[in-house]
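Hello,

Here is the structure we talked about, with the sequence alongside. Have a look first, and then read on for my notes.

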Amino acid sequence: MERPFTIKQVIEDMANPEKPLQNARLADLSTISSENLAHFEHNWVLISIERRRQIINRLVELAEENFELNFDDIFKFCLKDSDPEVRVKAIEGLWENEETSLITPLIRMLNEDPSEMVQAAAAKALSKYAMLAELKKLGPASASRVSQALLAILADKTRPREVWRRALEAAAPLSIPQVRQAIQEAYQSNDPRLKNSAIFAMGRNCDSSWLPTLLKEMTSPDPETRYEAAGACGEICDEGAVPLLIKLTGDKDPEVQQAAIQALGKIGGAKAKQHLLKCLNSPDEIVSEAAEEALRQLEIEEDTFIL
């Protein structure tokens, strides 16, 4: 069935502030052709900042809701937008994209963008490449560029605190001494945000030697710290964390509860599975739904292991 309108009409309506943004029409911008992309780019620069923000936010939401939609060509173009909020959303929209061609613009944004929030978003986006590098799924040249860019930030204490901590989180998968030292320094700092980033990084570092620290932090009076520690234990996947994680499924903070339940699903084992089954009968809908999802993921992992 043919569309009652062309993609060019969709683009022109999108650029018209008098026209409401319709999800069904915006979805037609998925996998846009080079000809229509050129038309999009021509019209984009004529649109007000507020309208551009609305459009890219909607596109990111649509892509998150439906994995079949692909606006990557639009997001790549928007990396060069004059508005920092649009650039941040463009980076977020490319989160699933692992093309190595994105490494160069992301490193440039990390080092040269005038906006701190864009620099931080670029650092965060480089985390997937750091993980690929650690898993030997990234070419040596690309892996070296990513690690060097992130390590340069960690070595520069004059960088904005938000950028530095996002670089720490991004570099965490790299099993090199500089990263471990940076995690330790951040953990020992007096800045609660840096400390929690360090705890998050311990999980991404996947080194079981961090477990005693994480077990201690799961009893912290700060719910955000308990949340990060529970999540990090799930990443390390050490059954030694199971007893405390079981305790945290009854935490007064619902986000901590969910983090503990998700971690139990990642770690697995008889005790974790038994407790998750108990959580299914919880009168708290948040707990029961989280347990159901954790058990589903655990079953997938078990099936994969058997295969």
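**Notes on the model**

Cys237 is partly exposed, with a relative accessible area of 40%. Its backbone deserves a look on your screen: Cys237 has a positive phi of about 60° although it is not a glycine. You will find Cys237 in the loop that joins α15 (223–236) to α16 (242–248).

Before going further, please keep in mind that this is a predicted model, and every value below was computed from it.

For the overall picture, the protein has 19 helices and zero strands. The C-alpha trace spans about 60 × 50 × 40 Å along its principal axes. Of the 307 residues, 48% count as buried. Looking at contacts between residues at least 6 apart in sequence, 61% join residues at least 24 apart.

Next, the loop between α2 (23–26) and α3 (34–44), where Ser30 lies. Is Ser30 buried or exposed? Ser30 is buried, because its relative accessible area is 13%, and the cut-off for buried is under 20%. The side chain of Ser30 reaches the backbone nitrogen of Asn70, at 2.8 Å. Once neighbours within four places in sequence are set aside, the contacts of Ser30 are Glu68, Leu69, Asn70 and Phe71.

Thr31 also has its place in the loop between α2 and α3. In contrast to the buried Ser30, Thr31 is exposed, with a relative accessible area of 59%. Thr31 has a positive phi too, of about 45°, although it is not a glycine.

Now for two helix pairs. The axes of α4 (residues 49–65) and α6 (residues 84–93) come within 10 Å and cross at roughly 10°. That angle makes α4 roughly parallel to α6, because angles under 35 degrees count as roughly parallel. The crossing in which α4 passes α6 is left-handed. Which residues meet between α4 and α6? From α4 they are Arg52, Arg53, Ile56, Asn57 and Val60, and from α6 they are Glu85, Val86, Lys89, Ala90 and Gly93. By class, this contact of α4 with α6 has four nonpolar, two polar and four charged residues.

The second pair is α12 (residues 177–187) with α13 (residues 192–205), which pack at an angle of about 145° with their axes 7 Å apart. The crossing of α12 and α13 is left-handed. On the α12 side, Val179, Arg180, Ile183, Ala186 and Tyr187 take part. Their partners in α13 are Leu194, Lys195, Ala198, Ile199, Ala201, Met202 and Asn205. The residues of the contact of α12 with α13 divide into nine nonpolar, one polar and two charged.

Finally, take a look at α9 (residues 127–134). Six of its eight residues are buried, so α9 is largely enclosed by the rest of the structure. The buried residues of α9 are Ser127, Lys128, Tyr129, Ala130, Leu132 and Ala133. What do they pack against? The buried residues of α9 pack against α7 (103–112), α8 (116–125), α10 (140–154), α11 (161–171) and α13. Just after α9 comes Lys136, which takes a positive phi of about 60°.

Happy to go through any of this together at the screen.

Best wishes

Notes. Residues are numbered from 1 along each chain as its sequence is written. This is a predicted model: local features need pLDDT of at least 70, side-chain atom pairs count only at pLDDT 80 or more; totals for chains, interfaces and linings use all residues. Side-chain values use heavy atoms; hydrogens and water are left out. Axes are lines fitted to C-alpha atoms, for helices over the stretch in contact, and angles run from 0 to 180 degrees between N-to-C directions. Helices (H or I, at least four residues) and strands (E, at least two) are DSSP runs, numbered from the N terminus. Angles under 35 degrees count as roughly parallel, over 145 as roughly antiparallel, 65 to 115 as roughly perpendicular and the rest as oblique. A crossing is left-handed if the near helix is turned anticlockwise from the far one by less than a right angle, and right-handed if clockwise. Contact means heavy atoms within 4.5 Å. Ala, Val, Leu, Ile, Met, Phe, Trp, Tyr, Cys and Pro count as nonpolar, Asp, Glu, Lys and Arg as charged, and the others, Gly among them, as polar. Buried means under 20% relative accessible area, exposed over 50%, partly exposed in between (1.4 Å probe, protein chains only). A polar contact is a pair of N or O atoms within 3.5 Å; within protein, one must be able to donate a hydrogen and the other to accept it, and residues adjacent in sequence count only if both atoms are side-chain atoms.
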